[in-house]
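This briefing presents a single protein chain for study. Please consult the sequence and the three-dimensional view below while reading the points that follow.

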Amino acid sequence: SSSSSSSRVATKPKPRQLSWKEQQEYQKLDARVKVMTQKRDELQDKVTSLASSGKDFKAMEAASLELGKLAEELDELEMRWLELAEIAGDI
């Protein structure tokens, strides 16, 4: 019985491929992640600039909150992108 279980382990099932809908989502996510990463970097620069000037606390606070929301959304998108990339065999 141990030989039959080892033969099952040795033969890997064929990896599944992305469905058409997942392929479309994957392509859109790739572009969206790039745009959001650029926006995150710009917001980070804005927060840093406002913090170093010490003049406009409300603007810094608003930019920091926006940065936090954007970072959270970006994390979710990146996780989904990684999931699809793994299925596609890109990583």
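In this predicted model, S64 is found in helix α3, which covers residues 57-88. The relative accessibility of S64 is 33%; because buried means under 20% and exposed means over 50%, S64 counts as partly exposed. K46 and S64 are separated by 18 residues in sequence, and their C-alpha atoms lie 9.0 Å apart in space.

**Overall architecture**

- The chain contains three helices and zero strands.
- Following the sequence, the elements occur in the pattern α-α-α.
- Among contacts between residues at least 6 apart in sequence, 69% link residues that are at least 24 apart.

**Burial and surface**

- Which percentage of the 91 residues counts as buried? The value for the chain is 19%.
- The accessible surface of the chain amounts to about 7200 Å².
- Carbon and sulfur atoms account for 55% of that accessible surface.

**The largest nonpolar core**

- Ten residues make up the largest nonpolar core: L18, Y26, L29, V33, M36, L70, L74, L77, L84 and A85.
- Two elements, α2 (20-53) and α3, each give two or more residues to this core.
- Helix α3 gives the most to this core, with five residues.
- Another core, of six residues, lies apart from the largest one, and its members include L43, V47, M60 and L67.

**Contacts of Y26**

- Y26 is one of the residues of the largest nonpolar core.
- Which residues does Y26 contact, leaving aside its neighbours within four places in sequence? The partners are L18, W81, L84, A85, A88 and D90.

**A nonpolar patch on the surface**

- M79, L82 and I91 form a nonpolar patch on the surface.
- Together, the three residues of this patch have about 320 Å² of accessible area.
- L82, one of the residues in the patch, is found in helix α3.

Terms used: Residues are numbered from 1 along each chain as its sequence is written. This is a predicted model: local features need pLDDT of at least 70, side-chain atom pairs count only at pLDDT 80 or more; totals for chains, interfaces and linings use all residues. Side-chain values use heavy atoms; hydrogens and water are left out. Helices (H or I, at least four residues) and strands (E, at least two) are DSSP runs, numbered from the N terminus. Buried means under 20% relative accessible area, exposed over 50%, partly exposed in between (1.4 Å probe, protein chains only). Contact means heavy atoms within 4.5 Å. Accessible areas come from the Shrake-Rupley method with a 1.4 Å probe; for residues, only the protein chains shown count as cover. Patches are made of residues with over 30% relative accessible area and no salt bridge: like charges are joined within 9 Å, nonpolar side chains (Val, Leu, Ile, Met, Phe, Trp, Tyr) within 5 Å. A salt bridge is a side-chain nitrogen of Lys or Arg within 4 Å of a carboxyl oxygen of Asp or Glu. A nonpolar core is a set of buried Ala, Val, Leu, Ile, Met, Phe, Trp, Tyr and Cys residues joined through side-chain atoms within 4.5 Å.
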